[in-house]
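Take a walk through this protein with the model open beside you.

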Amino acid sequence: MPGSSRAREAEAAPPAPPPPSAGPGPGAVVFGNGAQPLGQAVPPPPGRPGRPAPLRREALWAAAAAASYGATLFIGSDDYMPLSIPGVLGLVVLEIVAVRYVLRRPARGTPASYPTDGSDHRGAVHFLYAALVKRYAVLVLCSLAVMAVPLVTRATYLIPLMGVGLLGIILATVYWFDQLRWVRQCARVLSVYDFEFRTPVEKLELWRGGRRFLVLGVEEDASPEMLAREPMGHPYWPKRIADGVWFAGDDAFGGALLVPGTGELMCMQPLAWDALEGWRAEVGPERRAKAKKAGLDRHSV
């Protein structure tokens with residue numbers, strides 16, 4: 001019968017493929033056999049519970065500061081006075097960390113607000129001076145505010161805050177003057193030497209406090225191993241510094257370098273200063289006079 005033959009042909013035919021819309025589209029994130037369109041919350045894979053968000057560093061510092069301050073209150077107790085010693089030490093350490101953090105707070109990878117093409121000798125220096133003055137002013141004002149709290153409230157348990165504020169001003173001044181010294185050194189160099197582009201830059205080692213070891217150029221044009229010091233003390237290599245820098249100075253005595261784009265400014269001198277004394281003795285009087293005017297005639301970095 002015609003109907004029976006059509007039924008047998010339908011049973012023998014292969015199943016129709018799924019429509020194209022059944023699979024994950026171009027904007028989907030796939031976990032196993034499923035898909036989740038972009039713009040929607042993506043559940044974690046099966047068997048992997050979501051990890052809790054880590055505590056912020058600032059929250060940990062605040063909790064440690066509160067615990068340390070609470071321990072310092074035992075200083076007036078006859079029986080529990082030894083408990084105040086770790087509290088005082090904790091406050092000192094935390095205050096050192098906080099002051100260094102504010103004065104050396106990086107703006108990593110952001111474009112500089114001044115020219116970094118070697119045409120401007122003062123832009124980076126003025127920027128650093130302004131940034132350091134602002135950060136120092138913030139620290140001093142915050143320290144004075146902390147010192148004023150026990151005077152206004154007249155609460156005896158807040159008297160240790162006066163010591164905290166005074167220590168903050170002392171630490172800020174010490175670190176701030178050290179940073180200003182390196183900015184001034186860079187300014188002296190840039191007032192004497194012109195910029196020249198040096199590439200590539202070989203990154204050798206990175207230390208804390210903004211100290212870096214590097215070599216400018218290659219083969220016969222390479223500088224000796226240099227110790228570079230960044231005034232702000234950022235603990236990282238500037239972005240794309242290996243592509244080249246603007247250098248102002250003399251390889252035998254040192255100088256200053258400016259990183260294109262991000263605009264980091266560093267003072268630098270040969271690492272093996274004493275070993276290169278013979279080389280410096282052989283240079284002409286004009287080079288020695290320029291190095292002396294730039295403050296590079298002695299080992300200072």
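Is Arg-212 buried or exposed? Arg-212 is buried, because its relative accessible area is 0%. The cut-offs are these: buried means under 20% relative accessible area, exposed means over 50%, and partly exposed lies in between, with a 1.4 Å probe and protein chains only.

A word on the source. This is a predicted model, in which local features need pLDDT of at least 70 and side-chain atom pairs count only at pLDDT 80 or more, while totals for chains, interfaces and linings use all residues. Residues are numbered from 1 along each chain as its sequence is written, and side-chain values use heavy atoms, with hydrogens and water left out.

Back to Arg-212. Find it in strand β5, residues 211-216. Strands (E, at least two residues) and helices (H or I, at least four) are DSSP runs, numbered from the N terminus. The side chain of Arg-212 makes a polar contact with the side chain of Glu-230, at 3.0 Å. A polar contact is a pair of N or O atoms within 3.5 Å; within protein, one must be able to donate a hydrogen and the other to accept it, and residues adjacent in sequence count only if both atoms are side-chain atoms. Leaving aside residues up to four places away in sequence, Arg-212 touches several others, among them His-234, Tyr-236, Trp-237 and Met-266. Contact means heavy atoms within 4.5 Å.

Next, the backbone. Most residues other than glycine have a negative phi, and most peptide bonds are trans. Now look at some exceptions. A cis peptide bond joins Thr-199 and Pro-200, with omega about -5°. Pro-200 sits in the loop between β3 (196-198) and β4 (201-206). Arg-154 is not a glycine, yet its phi is positive, about 60°. Look for Arg-154 in the loop between α4 (123-153) and α5 (160-190). Arg-154 counts as exposed because its relative accessibility is 73%. Arg-240 also has a positive phi, near 60°. Its loop runs between β6 (226-229) and β7 (245-250). With a relative accessible area of 63%, Arg-240 is exposed.

Finally, turn to two helices. The axes of α2 (residues 57-72) and α3 (residues 84-103) come within 7 Å and cross at roughly 145°. Axes are lines fitted to C-alpha atoms, for helices over the stretch in contact, and angles run from 0 to 180 degrees between N-to-C directions. Residues that meet here include Trp-61 and Ala-65 in α2, and Leu-91 and Leu-94 in α3.
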